[in-house]
Amino acid sequence: MTPIVLNLSIAAGQIRYDWTLDQVMELYQLPFNDLMFLAASIHRQNFNPNEVQVSTLLSIKTGSCPEDCKYCPQSAHYSTGLEKEKLIEIDQVIAQAKAALDSGASRFCMGAAWRSPTERDMPQVVEMVRQVKSMGLETCMTLGMLDQKQAQTLSDAGLDYYNHNLDTSPEFYGQIISTRTFGDRLATLQHVRDSGMKVCSGGILGMGEQQADRASMLIELARMEPQPESVPVNMLVRVPGTPMESAEDVDPFDFIRTVAVARIMMPASHVRLSAGRESMNDQMQSMAFFAGANSIFYGEKLLTTANPEANRDKELFRRLGIQPEGKATEVRVGSWTPENCPKNNNRFYDATMGKKEKSVN
Ligand code: SF4
């Protein structure tokens with residue numbers, strides 16, 4: 001199976017925007033160990049493999065969303081018993097952001113169940129961004145569709161990241177959502193990019209899609225120039241009352257394959273283990289980290305579904321020797337050079353044992 005590495009010219013530091021479905025399917029069909037080795041190698045060329053970026057997510061407006069995303073308990077189209085909440089006060093956001101900071105999070109994500117924010121809501125949202133940012137946290141929001149003006153307003157307020165998932169492939173998208181199009185999603189992401197914010201976009205596995213749909217979704221993400229800085233890979237959380245409540249399980253190895261393929265196709269992006277992590281055991285999560293996942297959400301809730309307790313995450317990090325991104329100072333095995341590792345907060349590491357942190361500028 002060596003030829004694929006040569007055929008696809010997967011080289012250190014190289015980012016490709018022209019993946020074909022055949023090539024991506026070929027990656028998916030590699031023997032698992034070969035795929036893991038390839039993904040882990042590329043991961044090491046671009047990131048410290050013992051660091052995982054930690055974000056915390058807060059729902060700032062819950063439920064009553066007019067969209068009909070079939071997986072979502074916040075949609076007004078389904079009866080899920082979800083407790084609805086209007087846009088919360090800034091004081092509540094600040095208290096939660098402080099708790100996130102204290103628990104080691106570096107990014108604070110705020111999510112609102114809207115089709116898109118209204119003009120009336122924007123001033124409050126902008127103030128949230130300003131205040132959270134002034135605490136020294138990176139800021140991220142997910143508020144639904146944005147037009148160019150809204151994206152620019154948020155960017156000007158200091159919003160670092162905007163999350164807007166593609167969810168699935170363009171081919172399968174119509175099976176999941178009917179109230180907006182795949183093209184609408186791409187348009188919002190373009191507005192986000194044009195405004196100068198960083199893009200967070202990924203998808204959900206386990207909604208009945210085929211492997212080719214997963215490949216096609218990753219191709220859409222990898223085709224963006226620049227590629228999204230953050231790529232969440234979610235496992236469907238089957239919420240009773242949604243049309244997806246009886247969806248079939250995803251084979252854990254298929255999930256990890258998608259993490260690995262995402263890492264290979266988007267070598268410089270953070271690949272995030274996101275929704276559904278609470279149903280993954282420690283072994284599965286550690287395998288996902290090895291495959292190239294290097295971002296998680298800490299905290300008790302992921303918008304409206306349970307997320308593993310922060311303490312369980314800390315204990316897992318301790319057992320695996322993983323540190324929150326930006327806090328690790330030691331690498332025991334590596335292959336970074338200044339040429340192939342432009343990231344890691346301007347640090348690089350050499351391949352010898354022990355502490356080898358250096359500054360490149
Ligand atoms: S996923 Fe977002 S847009 Fe879709 S129903 Fe849920 S809150 Fe609304």
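This is a predicted model: local features need pLDDT of at least 70, side-chain atom pairs count only at pLDDT 80 or more; totals for chains, interfaces and linings use all residues.
Ser 64 is partly exposed, because 14 other C-beta atoms lie within 10 Å. A residue counts as buried if 20 or more other C-beta atoms lie within 10 Å of its own, as exposed if 12 or fewer do, and as partly exposed in between, with C-beta atoms placed from the backbone. Ser 64 sits in the loop between S1 and H4. Helices here are DSSP runs of H or I with at least four residues, strands are runs of E with at least two, and both are numbered from the N terminus. Although Ser 64 is not a glycine, its phi is positive, about 60°. Most residues other than glycine have a negative phi, and most peptide bonds are trans.

Residues are numbered from 1 along each chain as its sequence is written.

Asp 167 is another residue that has a positive phi, about 75°, without being a glycine. Is Asp 167 buried or exposed? Asp 167 is buried, because 23 other C-beta atoms lie within 10 Å. Its place is the loop between strand S4 (161–163) and helix H7 (182–195). A cis peptide bond, with omega about -5°, joins Glu 225 and Pro 226. Pro 226 belongs to the loop between helix H8 (211–223) and S7.

I turn to the chain as a whole. The protein chain has 11 helices and 14 strands. Of its 361 residues, 46% count as buried. Among contacts with a separation of 6 or more, 77% join residues 24 or more positions apart; two residues are in contact if their C-beta atoms, placed from the backbone, lie within 7 Å.

Next comes the ligand. Which residues surround the ligand? They are Cys 65, Glu 67, Cys 69, Cys 72, Gln 74, Ser 75, Ala 113 and Gly 144, where a residue is near a molecule if its C-beta atom, placed from the backbone, lies within 6 Å of it. This shell divides into four nonpolar, three polar and one charged. In that division Ala, Val, Leu, Ile, Met, Phe, Trp, Tyr, Cys and Pro count as nonpolar, Asp, Glu, Lys and Arg as charged, and the others, Gly among them, as polar.

Thr 242 lies in the loop between strand S7 (230–235) and helix H9 (252–265). Thr 242 is buried, because 22 other C-beta atoms lie within 10 Å. Thr 242 and Ser 75 are 167 residues apart in sequence, yet their C-alpha atoms are 8.6 Å apart in space. Leaving aside residues up to four places away in sequence, Thr 242 touches Lys 70, Tyr 71, Cys 72, Pro 73, Tyr 78 and Thr 80.

Helix H5 comes next. In H5, Val 125, Met 128, Val 129 and Val 132 are buried. Seen down the axis of H5, these buried residues fall within an arc of 95°, so they line one face of the helix; the arc is that of the directions from the helix axis to the C-beta atoms. On the other side of H5, Pro 123 and Ser 134 are exposed. The cover over the buried residues of H5 includes strand S1 (51–61), helix H4 (90–102) and strand S2 (107–112). Gly 136, whose phi is positive, near 95°, follows H5.
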